[in-house]
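Here are some notes to read beside the structure. Please keep the model open while you go through them.

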Amino acid sequence: MAEIGIDIKKAKSLLEQGELVAIPTETVYGLAANALDPTSVTKIFVAKERPTFDPLIVHVASVEQAIELTASMPDKARVLTNKFWPGPLTVVLPKKLVIPDIVTSGLNTVAIRCPNHDLTKQLLSSLDFPLAAPSANPFGYISPTTAQHVNDQLGNKIKYILDGGACKIGLESTIVGFENNEVVLYRRGSVSEEEIMNLVGPVKTRLVSNSNPTAPGQLEMHYAPRKTILLGDIDKLEKNIKDKKVGFLRFQHQGSPQKDALYLSKSGNLEEAARNLFAFLRQLDQMDVDLILAEMVPDVGIGKAINDRLIRAAASKK
Ligand code: TXA
Ligand code: MG
């Protein structure tokens with residue numbers, strides 16, 4: 001198993017030696033390596049068993065560092081990064097040659113974000129290179145929101161996990177690109193489409209790409225527990241199920257608590273639901289149940305990103 005701790009110097013020294021270190025962010029934990037060194041970055045793909053056609057996000061300490069790594073930054077990108085960085089927004093921009101092809105899967109753009117977590121901010125500022133970091137989970141599985149989640153699945157493949165506690169947001173960052181001066185939403189996250197639109201005008205959405213991974217967004221089968229998830233009206237779904245042990249993922253607590261049910265937010269708070277989502281999916285995956293029944297949450301604000309993850313988790317089992 002990996003060592004878990006808060007030693008930034010140790011994390012820095014391992015990264016400088018070309019090793020992987022898991023890092024906390026406000027969204028989910030990342031599996032980090034020196035983004036400018038192809039040999040280090042290759043270790044990420046190996047540890048995650050991630051196909052090399054799925055590009056990584058590069059984490060920087062500041063907007064200035066992002067500017068050094070990119071060939072240009074459209075005005076709209078500048079407005080968005082000024083507003084949301086450090087924070088849960090990733091921007092896809094034309095890359096400079098210094099970013100190795102393995103990071104971007106050969107694309108001429110790079111996804112960049114400046115995470116908002118004290119430990120990781122200190123780490124990034126102490127390094128003289130940026131960090132490539134996808135979520136620190138085996139490819140296709142649920143993203144980790146605690147150091148323990150990382151250790152459970154990747155602990156035998158990495159030396160050190162920087163422990164920043166439970167992630168405050170709990171869902172991966174919102175990803176946007178800029179095409180012909182238009183903002184395109186590739187992945188939903190806690191920064192909502194409305195917030196982006198209010199700052200930079202109309203936003204196009206292009207969320208799912210399962211046949212052409214060079215078109216960004218994500219593969220449909222993602223964030224998935226190993227057990228089957230059925231998504232819909234839980235009470236109706238339950239009526240058709242016989243001879244199976246069922247676990248329930250509900251949004252809000254109503255009536256008397258149900259056995260084998262987890263409530264994303266008893267009081268119906270969407271931010272709390274987002275924070276709990278991945279940890280609860282993991283818990284249900286480990287419970288003594290054969291099948292998970294889940295319901296969508298209200299489709300507003302971060303609720304849209306939660307529903308996106310639920311749909312993807314359920315889609316992989318069809
Ligand atoms: O919140 C997050 O974004 C977390 C934390 C660790 O920062 N990271 C994360 O990384 O979710 P990952 O690898 O699980 O998701 C990265 C996704 C890729 O699957 C791809 O869809 C998109 O970012 N991406 C990366 N580079 C891209 C590019 N050049 N063009 C379009 N999309 C890109
Ligand atoms: Mg991921």
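1. The crossing of α10 and α11 is left-handed, meaning that the near helix is turned anticlockwise from the far one by less than a right angle. Helices here are DSSP runs of H or I with at least four residues, numbered from the N terminus. The model is predicted, with local features needing pLDDT of at least 70 and side-chain atom pairs pLDDT 80 or more, while totals for chains, interfaces and linings use all residues. Residues are numbered from 1 along each chain as its sequence is written.

2. Helix α10 covers residues 270-286 and helix α11 residues 302-315; they pack at about 25°, with axes 9 Å apart. The two are therefore roughly parallel (angles under 35 degrees, taken from 0 to 180 degrees between N-to-C directions, with axes fitted to C-alpha atoms over the stretch in contact).

3. On the α10 side, L270, E271, A273, A274, L277 and F278 meet I302, G303, I306, R309 and L310 of α11 (contact is heavy atoms within 4.5 Å). By class, this contact has 8 nonpolar, 1 polar and 2 charged residues. Ala, Val, Leu, Ile, Met, Phe, Trp, Tyr, Cys and Pro count as nonpolar, Asp, Glu, Lys and Arg as charged, and the others, Gly among them, as polar.

4. What lines the largest cavity? Its lining is L185, R188, G189, V191, S192, E193, E194, G301, K304 and A305. The elements giving two or more residues to this lining are α8 (193-200) and α11. On a 1 Å grid over the protein atoms alone, a cavity is a set of points where a 1.4 Å probe fits but cannot get out, and lining residues have an atom within 4 Å of a point. The lining has 3 nonpolar, 3 polar and 4 charged residues.

Note on methods: Chains are lettered from A and ligands numbered from 1 in the order in which they are written. Side-chain values use heavy atoms; hydrogens and water are left out. Angles under 35 degrees count as roughly parallel, over 145 as roughly antiparallel, 65 to 115 as roughly perpendicular and the rest as oblique. On a 1 Å grid over the protein atoms alone, a cavity is a set of points where a 1.4 Å probe fits but cannot get out, and a pocket is an open set with protein on both sides within 12 Å along at least five of seven lines; lining residues have an atom within 4 Å of a point.
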